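Hi everyone, thanks for making time for this. I'd like to walk you through one structure, so let's bring it up on the screen.

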Amino acid sequence: MFSNFDFDVIQRSWVYLFRDGMSFTLTLTGLAALSGIVLGTLIAMMRRSKFTLLQKFAAGYVNLIRSLPLVLVIFWFYFLLPYIGQWATGASRPMTVGAFTSALVTFSMFEAAYFSEIMRAGIQAVPSGQTGAAQALGMRYWQVMIYVVLPQAFRSMMPLLLTQTIVLFQDTSLVYVLSITDFLGAASKVAQRDGRLVEMYLFAALVYFVISFVASLAVKQLQRRLAVA
Amino acid sequence: MNYKWNWGILLEMSPEGQGTYLQMLLSGLSWTLITAACAWVLAFTLGLTIGVVRTLPNRFGRLLGDAYVELFRNIPLLVQLFLWYFVIPELVPKHLGDLIKQMPNASVYTAVLGLGLFMSARVAEQVRSGVLSLPKGQKLAATAMGLTTAQTYRYILLPITLRVMLPPMTSEFLNTIKNTSVALTIGLMELTARARSMQEFSFQVFEAFTVATVLYLVTNLVVTFLMRKLERAVAVPGFLGASASPVAH
(Lines give C-alpha, C1' and ligand atoms only; values in the text may rest on other atoms or scores of the structure.)
Protein backbone atom coordinates (compact mmCIF):
# COMPACT_ATOMS: atom_id res chain seq x y z
CA MET A 1 0.00 0.00 0.00
CA PHE A 2 2.81 2.40 0.85
CA SER A 3 5.06 1.12 -1.94
CA ASN A 4 4.72 4.12 -4.22
CA PHE A 5 4.87 6.63 -1.43
CA ASP A 6 7.40 9.38 -1.54
CA PHE A 7 8.21 10.22 2.04
CA ASP A 8 11.23 12.11 0.79
CA VAL A 9 8.89 15.02 0.03
CA ILE A 10 8.59 15.64 3.77
CA GLN A 11 12.33 15.76 4.17
CA ARG A 12 12.63 18.16 1.24
CA SER A 13 10.00 20.56 2.57
CA TRP A 14 10.81 20.16 6.28
CA VAL A 15 12.24 23.65 6.72
CA TYR A 16 9.39 25.36 4.86
CA LEU A 17 6.72 23.41 6.75
CA PHE A 18 8.04 24.25 10.18
CA ARG A 19 9.88 27.55 9.84
CA ASP A 20 7.16 29.22 7.76
CA GLY A 21 4.07 27.15 8.51
CA MET A 22 4.28 25.91 12.07
CA SER A 23 5.80 29.12 13.42
CA PHE A 24 2.81 31.03 11.98
CA THR A 25 0.38 28.55 13.55
CA LEU A 26 2.06 28.63 16.96
CA THR A 27 2.47 32.42 17.03
CA LEU A 28 -1.16 32.88 16.04
CA THR A 29 -2.29 30.33 18.66
CA GLY A 30 -0.21 31.92 21.43
CA LEU A 31 -1.15 35.53 20.76
CA ALA A 32 -4.82 34.78 20.10
CA ALA A 33 -5.02 32.75 23.31
CA LEU A 34 -3.48 35.56 25.35
CA SER A 35 -5.65 38.33 23.95
CA GLY A 36 -8.67 36.03 23.89
CA ILE A 37 -8.26 35.28 27.60
CA VAL A 38 -7.82 38.98 28.46
CA LEU A 39 -10.85 39.98 26.38
CA GLY A 40 -12.82 37.01 27.63
CA THR A 41 -12.12 37.94 31.25
CA LEU A 42 -13.31 41.49 30.59
CA ILE A 43 -16.48 40.14 28.96
CA ALA A 44 -17.06 37.80 31.90
CA MET A 45 -16.72 40.77 34.27
CA MET A 46 -19.12 42.79 32.14
CA ARG A 47 -21.67 39.99 32.34
CA ARG A 48 -21.54 40.22 36.12
CA SER A 49 -21.56 44.00 36.19
CA LYS A 50 -24.39 45.93 37.83
CA PHE A 51 -24.91 48.04 34.70
CA THR A 52 -27.66 46.36 32.71
CA LEU A 53 -26.43 47.80 29.44
CA LEU A 54 -22.94 46.30 29.82
CA GLN A 55 -24.49 43.02 30.90
CA LYS A 56 -26.79 42.88 27.89
CA PHE A 57 -24.05 43.88 25.48
CA ALA A 58 -21.64 41.21 26.75
CA ALA A 59 -24.32 38.51 26.77
CA GLY A 60 -25.43 39.48 23.27
CA TYR A 61 -21.87 39.36 21.97
CA VAL A 62 -21.17 35.95 23.46
CA ASN A 63 -24.44 34.48 22.20
CA LEU A 64 -23.96 35.94 18.74
CA ILE A 65 -20.42 34.65 18.30
CA ARG A 66 -21.28 31.25 19.71
CA SER A 67 -24.12 30.84 17.22
CA LEU A 68 -21.90 31.40 14.20
CA PRO A 69 -19.48 29.04 12.47
CA LEU A 70 -15.84 30.07 12.77
CA VAL A 71 -15.43 30.00 8.99
CA LEU A 72 -18.15 32.63 8.57
CA VAL A 73 -16.59 34.79 11.30
CA ILE A 74 -13.20 34.53 9.56
CA PHE A 75 -14.79 35.85 6.37
CA TRP A 76 -16.66 38.60 8.24
CA PHE A 77 -13.53 40.02 9.81
CA TYR A 78 -11.47 39.56 6.67
CA PHE A 79 -13.83 41.82 4.72
CA LEU A 80 -14.88 44.09 7.58
CA LEU A 81 -11.46 45.00 9.05
CA PRO A 82 -10.31 47.19 6.13
CA TYR A 83 -13.48 49.30 6.60
CA ILE A 84 -13.08 49.45 10.39
CA GLY A 85 -9.47 50.51 9.88
CA GLN A 86 -10.59 53.23 7.49
CA TRP A 87 -13.24 54.46 9.91
CA ALA A 88 -10.79 54.46 12.84
CA THR A 89 -7.99 56.29 11.05
CA GLY A 90 -10.21 58.54 8.96
CA ALA A 91 -8.46 57.47 5.76
CA SER A 92 -10.10 58.00 2.41
CA ARG A 93 -9.83 54.38 1.30
CA PRO A 94 -10.34 51.04 3.06
CA MET A 95 -7.16 50.10 4.91
CA THR A 96 -5.00 47.20 3.80
CA VAL A 97 -4.96 44.65 6.59
CA GLY A 98 -2.32 41.95 6.52
CA ALA A 99 -3.23 38.29 6.65
CA PHE A 100 -1.66 37.77 10.06
CA THR A 101 -3.37 40.80 11.63
CA SER A 102 -6.71 39.78 10.19
CA ALA A 103 -6.35 36.23 11.50
CA LEU A 104 -5.16 37.43 14.90
CA VAL A 105 -8.07 39.84 15.36
CA THR A 106 -10.56 37.21 14.20
CA PHE A 107 -9.34 34.48 16.52
CA SER A 108 -8.98 36.84 19.51
CA MET A 109 -12.54 38.12 19.10
CA PHE A 110 -13.97 34.67 18.38
CA GLU A 111 -12.20 32.82 21.18
CA ALA A 112 -12.94 35.64 23.65
CA ALA A 113 -16.58 34.51 23.63
CA TYR A 114 -15.57 30.95 24.56
CA PHE A 115 -12.92 32.00 27.08
CA SER A 116 -15.43 34.36 28.71
CA GLU A 117 -17.75 31.43 29.49
CA ILE A 118 -14.88 29.63 31.21
CA MET A 119 -13.85 32.71 33.17
CA ARG A 120 -17.44 33.40 34.15
CA ALA A 121 -17.65 29.97 35.73
CA GLY A 122 -14.28 30.56 37.38
CA ILE A 123 -15.32 33.90 38.87
CA GLN A 124 -18.63 32.47 40.04
CA ALA A 125 -16.81 29.63 41.79
CA VAL A 126 -14.89 32.04 44.05
CA PRO A 127 -16.87 32.08 47.32
CA SER A 128 -18.73 35.37 47.79
CA GLY A 129 -17.25 35.65 51.29
CA GLN A 130 -13.93 36.43 49.64
CA THR A 131 -15.38 39.42 47.81
CA GLY A 132 -17.17 40.52 50.94
CA ALA A 133 -14.01 40.27 53.02
CA ALA A 134 -11.99 42.19 50.44
CA GLN A 135 -14.62 44.93 50.35
CA ALA A 136 -14.67 45.06 54.12
CA LEU A 137 -10.93 45.72 53.96
CA GLY A 138 -11.77 48.78 51.88
CA MET A 139 -10.70 47.45 48.48
CA ARG A 140 -12.22 48.94 45.37
CA TYR A 141 -13.82 46.88 42.57
CA TRP A 142 -10.63 46.60 40.52
CA GLN A 143 -8.53 45.80 43.57
CA VAL A 144 -10.95 43.06 44.62
CA MET A 145 -10.83 41.63 41.11
CA ILE A 146 -7.09 41.86 40.50
CA TYR A 147 -5.82 40.83 43.94
CA VAL A 148 -8.50 38.44 45.18
CA VAL A 149 -10.99 37.06 42.66
CA LEU A 150 -9.16 36.75 39.34
CA PRO A 151 -6.00 34.98 40.62
CA GLN A 152 -8.19 32.26 42.13
CA ALA A 153 -10.43 32.07 39.08
CA PHE A 154 -7.42 31.71 36.77
CA ARG A 155 -5.90 29.06 38.94
CA SER A 156 -8.99 26.89 39.13
CA MET A 157 -9.85 27.35 35.46
CA MET A 158 -6.31 26.84 34.12
CA PRO A 159 -6.98 23.29 32.82
CA LEU A 160 -10.10 24.44 30.93
CA LEU A 161 -8.35 27.51 29.54
CA LEU A 162 -5.51 25.32 28.28
CA THR A 163 -7.91 22.76 26.79
CA GLN A 164 -9.66 25.57 24.94
CA THR A 165 -6.23 26.72 23.72
CA ILE A 166 -5.65 23.26 22.23
CA VAL A 167 -8.99 23.62 20.44
CA LEU A 168 -7.82 27.03 19.25
CA PHE A 169 -4.57 25.50 18.00
CA GLN A 170 -6.58 23.07 15.87
CA ASP A 171 -9.01 25.77 14.75
CA THR A 172 -6.21 27.98 13.40
CA SER A 173 -5.98 25.48 10.53
CA LEU A 174 -9.16 27.15 9.20
CA VAL A 175 -7.14 30.18 8.03
CA TYR A 176 -6.72 27.84 5.04
CA VAL A 177 -9.89 29.48 3.65
CA LEU A 178 -7.95 32.75 3.30
CA SER A 179 -5.03 30.96 1.56
CA ILE A 180 -2.72 31.88 4.43
CA THR A 181 0.45 29.82 4.86
CA ASP A 182 -0.01 28.33 8.30
CA PHE A 183 1.16 24.75 8.92
CA LEU A 184 -1.71 23.19 7.00
CA GLY A 185 -1.46 25.86 4.31
CA ALA A 186 2.24 25.12 3.85
CA ALA A 187 1.59 21.37 3.73
CA SER A 188 -1.19 21.92 1.22
CA LYS A 189 1.00 24.12 -1.01
CA VAL A 190 3.77 21.53 -1.08
CA ALA A 191 1.18 18.81 -1.68
CA GLN A 192 -0.19 20.56 -4.72
CA ARG A 193 3.20 21.64 -6.08
CA ASP A 194 4.67 18.13 -5.93
CA GLY A 195 1.44 16.21 -6.46
CA ARG A 196 1.93 14.49 -3.09
CA LEU A 197 -1.43 15.00 -1.39
CA VAL A 198 -1.47 11.65 0.38
CA GLU A 199 1.93 11.99 2.04
CA MET A 200 1.53 15.64 3.01
CA TYR A 201 -1.97 15.40 4.48
CA LEU A 202 -1.11 12.25 6.41
CA PHE A 203 1.98 13.96 7.74
CA ALA A 204 0.00 17.10 8.68
CA ALA A 205 -2.56 14.96 10.51
CA LEU A 206 0.23 13.18 12.38
CA VAL A 207 1.87 16.45 13.45
CA TYR A 208 -1.41 17.97 14.66
CA PHE A 209 -2.24 14.76 16.48
CA VAL A 210 1.10 14.49 18.27
CA ILE A 211 1.08 18.11 19.41
CA SER A 212 -2.57 18.11 20.56
CA PHE A 213 -2.29 14.73 22.22
CA VAL A 214 0.88 15.53 24.15
CA ALA A 215 -0.56 18.90 25.16
CA SER A 216 -3.79 17.32 26.40
CA LEU A 217 -1.82 14.78 28.43
CA ALA A 218 0.08 17.66 30.01
CA VAL A 219 -3.20 19.40 30.84
CA LYS A 220 -4.48 16.22 32.49
CA GLN A 221 -1.31 16.06 34.56
CA LEU A 222 -1.79 19.66 35.65
CA GLN A 223 -5.42 18.99 36.50
CA ARG A 224 -4.36 16.13 38.78
CA ARG A 225 -1.83 18.34 40.54
CA LEU A 226 -4.37 21.13 41.01
CA ALA A 227 -6.91 18.67 42.35
CA VAL A 228 -4.51 17.57 45.07
CA ALA A 229 -3.45 21.07 46.04
CA MET B 1 -17.78 53.79 5.72
CA ASN B 2 -18.04 54.30 2.00
CA TYR B 3 -19.51 50.89 1.34
CA LYS B 4 -22.45 50.96 -1.04
CA TRP B 5 -25.32 49.03 0.52
CA ASN B 6 -27.73 47.44 -1.89
CA TRP B 7 -30.26 45.14 -0.26
CA GLY B 8 -32.13 44.84 -3.55
CA ILE B 9 -29.36 42.55 -4.71
CA LEU B 10 -31.01 39.72 -2.80
CA LEU B 11 -33.89 39.69 -5.26
CA GLU B 12 -31.71 39.88 -8.35
CA MET B 13 -31.00 36.75 -10.35
CA SER B 14 -27.78 34.97 -9.49
CA PRO B 15 -25.51 33.97 -12.40
CA GLU B 16 -25.73 30.36 -11.26
CA GLY B 17 -29.16 30.20 -12.84
CA GLN B 18 -30.96 28.84 -9.79
CA GLY B 19 -33.11 31.85 -9.09
CA THR B 20 -32.34 34.90 -7.02
CA TYR B 21 -29.42 35.38 -4.66
CA LEU B 22 -31.76 34.91 -1.73
CA GLN B 23 -32.87 31.56 -3.09
CA MET B 24 -29.24 30.63 -3.57
CA LEU B 25 -28.54 31.35 0.12
CA LEU B 26 -31.62 29.43 1.20
CA SER B 27 -30.56 26.44 -0.85
CA GLY B 28 -27.21 26.71 0.96
CA LEU B 29 -29.07 26.60 4.27
CA SER B 30 -30.95 23.47 3.22
CA TRP B 31 -27.66 21.74 2.33
CA THR B 32 -26.25 22.80 5.69
CA LEU B 33 -29.24 21.27 7.47
CA ILE B 34 -29.32 18.06 5.40
CA THR B 35 -25.60 17.44 5.85
CA ALA B 36 -25.72 18.25 9.55
CA ALA B 37 -28.74 16.01 10.13
CA CYS B 38 -27.15 13.01 8.39
CA ALA B 39 -23.83 13.59 10.14
CA TRP B 40 -25.68 13.83 13.44
CA VAL B 41 -27.38 10.44 12.96
CA LEU B 42 -23.95 8.90 12.41
CA ALA B 43 -22.37 10.84 15.27
CA PHE B 44 -25.09 9.98 17.75
CA THR B 45 -25.28 6.26 16.93
CA LEU B 46 -21.52 5.78 16.96
CA GLY B 47 -20.99 8.12 19.89
CA LEU B 48 -23.60 6.38 22.03
CA THR B 49 -22.09 2.95 21.30
CA ILE B 50 -18.51 4.01 21.93
CA GLY B 51 -19.44 6.06 24.98
CA VAL B 52 -21.19 3.04 26.52
CA VAL B 53 -18.27 0.74 25.66
CA ARG B 54 -15.97 3.12 27.51
CA THR B 55 -17.96 2.61 30.71
CA LEU B 56 -18.09 -1.20 30.51
CA PRO B 57 -15.92 -3.38 32.77
CA ASN B 58 -14.07 -4.83 29.75
CA ARG B 59 -10.60 -3.29 29.74
CA PHE B 60 -9.80 -3.98 26.11
CA GLY B 61 -13.00 -2.32 24.91
CA ARG B 62 -12.36 0.67 27.13
CA LEU B 63 -8.87 1.07 25.74
CA LEU B 64 -10.17 0.86 22.17
CA GLY B 65 -12.87 3.43 22.92
CA ASP B 66 -10.38 5.81 24.52
CA ALA B 67 -8.05 5.47 21.51
CA TYR B 68 -10.94 6.23 19.15
CA VAL B 69 -11.89 9.39 21.01
CA GLU B 70 -8.29 10.61 21.25
CA LEU B 71 -7.70 9.96 17.56
CA PHE B 72 -10.69 11.97 16.37
CA ARG B 73 -10.36 14.72 18.95
CA ASN B 74 -6.73 15.59 18.33
CA ILE B 75 -6.78 16.15 14.58
CA PRO B 76 -8.40 19.35 13.24
CA LEU B 77 -11.71 18.77 11.47
CA LEU B 78 -10.38 20.40 8.31
CA VAL B 79 -7.46 17.95 8.16
CA GLN B 80 -9.83 15.03 8.79
CA LEU B 81 -12.03 16.13 5.89
CA PHE B 82 -8.95 16.36 3.64
CA LEU B 83 -7.96 12.85 4.69
CA TRP B 84 -11.38 11.46 3.75
CA TYR B 85 -11.60 13.47 0.55
CA PHE B 86 -8.08 13.40 -0.89
CA VAL B 87 -6.21 10.62 0.88
CA ILE B 88 -8.56 7.67 1.45
CA PRO B 89 -9.55 7.27 -2.24
CA GLU B 90 -5.83 6.87 -3.03
CA LEU B 91 -5.22 4.31 -0.31
CA VAL B 92 -8.02 1.87 -1.17
CA PRO B 93 -7.66 -0.50 -4.18
CA LYS B 94 -7.56 1.45 -7.41
CA HIS B 95 -10.94 0.48 -8.91
CA LEU B 96 -12.68 1.33 -5.64
CA GLY B 97 -10.81 4.63 -5.45
CA ASP B 98 -11.86 5.55 -8.99
CA LEU B 99 -15.44 4.66 -8.13
CA ILE B 100 -15.35 6.99 -5.11
CA LYS B 101 -13.84 9.83 -7.11
CA GLN B 102 -16.52 9.58 -9.81
CA MET B 103 -19.39 9.60 -7.34
CA PRO B 104 -21.79 12.51 -7.85
CA ASN B 105 -22.10 14.70 -4.73
CA ALA B 106 -18.88 13.21 -3.34
CA SER B 107 -18.40 16.27 -1.14
CA VAL B 108 -21.76 15.71 0.58
CA TYR B 109 -20.98 12.08 1.43
CA THR B 110 -17.47 12.97 2.53
CA ALA B 111 -18.76 15.79 4.72
CA VAL B 112 -21.37 13.51 6.34
CA LEU B 113 -18.79 10.79 7.02
CA GLY B 114 -15.98 13.09 8.17
CA LEU B 115 -18.18 15.34 10.28
CA GLY B 116 -20.12 12.39 11.68
CA LEU B 117 -16.98 10.61 12.88
CA PHE B 118 -15.47 13.85 14.22
CA MET B 119 -18.62 14.62 16.23
CA SER B 120 -19.05 10.99 17.36
CA ALA B 121 -15.90 11.31 19.47
CA ARG B 122 -17.41 14.31 21.24
CA VAL B 123 -20.74 12.56 21.75
CA ALA B 124 -18.91 9.51 23.11
CA GLU B 125 -17.15 11.72 25.63
CA GLN B 126 -20.48 13.21 26.76
CA VAL B 127 -22.11 9.78 27.02
CA ARG B 128 -19.25 8.44 29.09
CA SER B 129 -19.28 11.32 31.53
CA GLY B 130 -23.09 11.13 31.62
CA VAL B 131 -23.08 7.47 32.61
CA LEU B 132 -20.25 7.95 35.09
CA SER B 133 -22.04 10.90 36.70
CA LEU B 134 -24.94 8.70 37.79
CA PRO B 135 -24.94 7.68 41.45
CA LYS B 136 -23.15 4.31 41.91
CA GLY B 137 -26.18 3.01 43.80
CA GLN B 138 -28.19 2.83 40.55
CA LYS B 139 -25.90 0.25 39.03
CA LEU B 140 -25.45 -1.62 42.30
CA ALA B 141 -29.19 -1.81 42.88
CA ALA B 142 -29.73 -3.10 39.35
CA THR B 143 -27.10 -5.77 39.84
CA ALA B 144 -28.60 -6.70 43.21
CA MET B 145 -31.97 -7.17 41.51
CA GLY B 146 -30.35 -9.67 39.17
CA LEU B 147 -30.33 -7.59 35.99
CA THR B 148 -27.64 -8.45 33.47
CA THR B 149 -25.22 -5.73 32.33
CA ALA B 150 -27.23 -5.29 29.11
CA GLN B 151 -30.48 -4.96 31.06
CA THR B 152 -28.89 -2.53 33.51
CA TYR B 153 -27.94 -0.26 30.64
CA ARG B 154 -31.20 -0.70 28.74
CA TYR B 155 -33.62 -0.14 31.64
CA ILE B 156 -31.69 1.83 34.26
CA LEU B 157 -28.59 3.70 33.14
CA LEU B 158 -29.34 4.80 29.58
CA PRO B 159 -32.87 6.16 30.13
CA ILE B 160 -31.50 8.51 32.78
CA THR B 161 -28.24 9.32 30.99
CA LEU B 162 -30.04 10.25 27.78
CA ARG B 163 -32.29 12.67 29.66
CA VAL B 164 -29.42 14.22 31.60
CA MET B 165 -27.50 14.51 28.35
CA LEU B 166 -30.12 16.47 26.42
CA PRO B 167 -28.67 19.94 27.08
CA PRO B 168 -25.08 19.00 26.12
CA MET B 169 -26.46 17.08 23.13
CA THR B 170 -28.24 20.24 22.02
CA SER B 171 -24.92 22.09 21.98
CA GLU B 172 -23.23 19.25 20.14
CA PHE B 173 -25.95 19.23 17.51
CA LEU B 174 -25.59 22.99 17.10
CA ASN B 175 -21.83 22.44 16.79
CA THR B 176 -22.50 19.93 14.03
CA ILE B 177 -24.53 22.52 12.12
CA LYS B 178 -21.80 25.13 12.55
CA ASN B 179 -19.01 22.70 11.65
CA THR B 180 -20.74 21.87 8.38
CA SER B 181 -19.28 25.12 7.09
CA VAL B 182 -15.77 23.63 7.25
CA ALA B 183 -16.84 21.35 4.39
CA LEU B 184 -16.87 24.32 2.02
CA THR B 185 -13.15 23.53 1.64
CA ILE B 186 -14.03 20.26 -0.10
CA GLY B 187 -16.66 21.91 -2.25
CA LEU B 188 -19.86 21.46 -0.25
CA MET B 189 -22.22 24.25 -1.30
CA GLU B 190 -23.59 24.94 2.16
CA LEU B 191 -24.67 28.29 3.59
CA THR B 192 -21.26 29.91 4.20
CA ALA B 193 -20.01 28.75 0.80
CA ARG B 194 -23.10 30.26 -0.84
CA ALA B 195 -22.57 33.56 0.96
CA ARG B 196 -18.97 33.51 -0.23
CA SER B 197 -19.93 32.88 -3.84
CA MET B 198 -22.63 35.56 -3.69
CA GLN B 199 -19.89 37.95 -2.55
CA GLU B 200 -17.69 36.88 -5.46
CA PHE B 201 -20.44 37.30 -8.05
CA SER B 202 -22.05 40.49 -6.81
CA PHE B 203 -19.38 42.18 -4.65
CA GLN B 204 -22.14 42.88 -2.08
CA VAL B 205 -20.11 41.18 0.63
CA PHE B 206 -21.88 42.51 3.74
CA GLU B 207 -25.42 41.81 2.49
CA ALA B 208 -24.39 38.22 1.77
CA PHE B 209 -22.78 37.66 5.15
CA THR B 210 -25.55 39.46 7.04
CA VAL B 211 -28.21 37.19 5.55
CA ALA B 212 -26.06 34.11 6.27
CA THR B 213 -25.58 35.31 9.86
CA VAL B 214 -29.31 35.84 10.34
CA LEU B 215 -30.05 32.39 8.92
CA TYR B 216 -27.57 30.77 11.32
CA LEU B 217 -29.08 32.69 14.26
CA VAL B 218 -32.61 31.64 13.35
CA THR B 219 -31.51 28.01 12.98
CA ASN B 220 -29.92 28.18 16.42
CA LEU B 221 -33.05 29.62 18.01
CA VAL B 222 -35.33 27.07 16.39
CA VAL B 223 -33.14 24.10 17.38
CA THR B 224 -32.76 25.37 20.95
CA PHE B 225 -36.52 25.93 21.23
CA LEU B 226 -37.37 22.46 19.92
CA MET B 227 -34.85 20.79 22.20
CA ARG B 228 -36.28 22.60 25.24
CA LYS B 229 -39.70 21.26 24.29
CA LEU B 230 -38.23 17.78 23.96
CA GLU B 231 -36.54 18.12 27.35
CA ARG B 232 -39.83 19.01 28.96
CA ALA B 233 -41.70 16.27 27.13
CA VAL B 234 -39.42 13.47 28.26
CA ALA B 235 -38.72 14.75 31.77
CA VAL B 236 -39.56 12.32 34.58
CA PRO B 237 -41.41 14.35 37.23
CA GLY B 238 -39.44 14.77 40.42
CA PHE B 239 -36.34 13.15 39.01
CA LEU B 240 -32.98 14.08 37.50
CA GLY B 241 -33.28 16.53 34.65
CA ALA B 242 -36.94 17.11 35.40
CA SER B 243 -36.49 20.78 36.14
CA ALA B 244 -36.30 22.30 32.67
CA SER B 245 -32.59 22.86 33.17
CA PRO B 246 -31.02 25.68 31.19
CA VAL B 247 -29.06 24.69 28.09
CA ALA B 248 -25.38 24.43 28.93
CA HIS B 249 -24.21 27.71 27.52
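Let's begin with Phe203(B), which counts as exposed because it has 12 C-beta neighbours inside 10 Å. Keep in mind that this is a predicted model. Where does Phe203(B) sit? You'll find Phe203(B) in the loop between helix 9 (191–202) and helix 10 (205–234) of chain B. Its backbone deserves a look too: Phe203(B) is not a glycine, yet its phi is positive, about 65°.

Asn105(B) lies in the loop that runs between helix 4 (94–102) and helix 5 (106–133) of chain B. Buried or exposed, then, for Asn105(B)? Exposed, because 10 other C-beta atoms lie within 10 Å.

Now for the core. The largest nonpolar core has 111 residues, and those touching the most other members are Ala187(A), Tyr201(A), Ala204(A) and Val79(B). Helix 5 of chain B supplies the largest share of this core, with twelve residues. Take Ala187(A): leaving aside neighbours within four places in sequence, its contacts include Leu17(A), Gly21(A) and Met200(A).

Last, the contact between the chains, which takes 30 residues from chain A and 30 residues from chain B. On the chain B side, the elements giving two or more residues are helix 3 (77–91), helix 8 (166–179), helix 9 and helix 10. Which of them gives the most? That is helix 3 of chain B, with eight residues. By type, the chain B side divides into 18 nonpolar, eight polar and four charged residues.

Conventions:
Residues are numbered from 1 along each chain as its sequence is written. Chains are lettered from A and ligands numbered from 1 in the order in which they are written. This is a predicted model: local features need pLDDT of at least 70, side-chain atom pairs count only at pLDDT 80 or more; totals for chains, interfaces and linings use all residues. Helices (H or I, at least four residues) and strands (E, at least two) are DSSP runs, numbered from the N terminus. A residue is buried if 20 or more other C-beta atoms lie within 10 Å of its own, exposed if 12 or fewer, and partly exposed in between; C-beta atoms are placed from the backbone. A nonpolar core is a set of buried Ala, Val, Leu, Ile, Met, Phe, Trp, Tyr and Cys residues joined through C-beta atoms within 7 Å. Two residues are in contact if their C-beta atoms, placed from the backbone, lie within 7 Å. Ala, Val, Leu, Ile, Met, Phe, Trp, Tyr, Cys and Pro count as nonpolar, Asp, Glu, Lys and Arg as charged, and the others, Gly among them, as polar.
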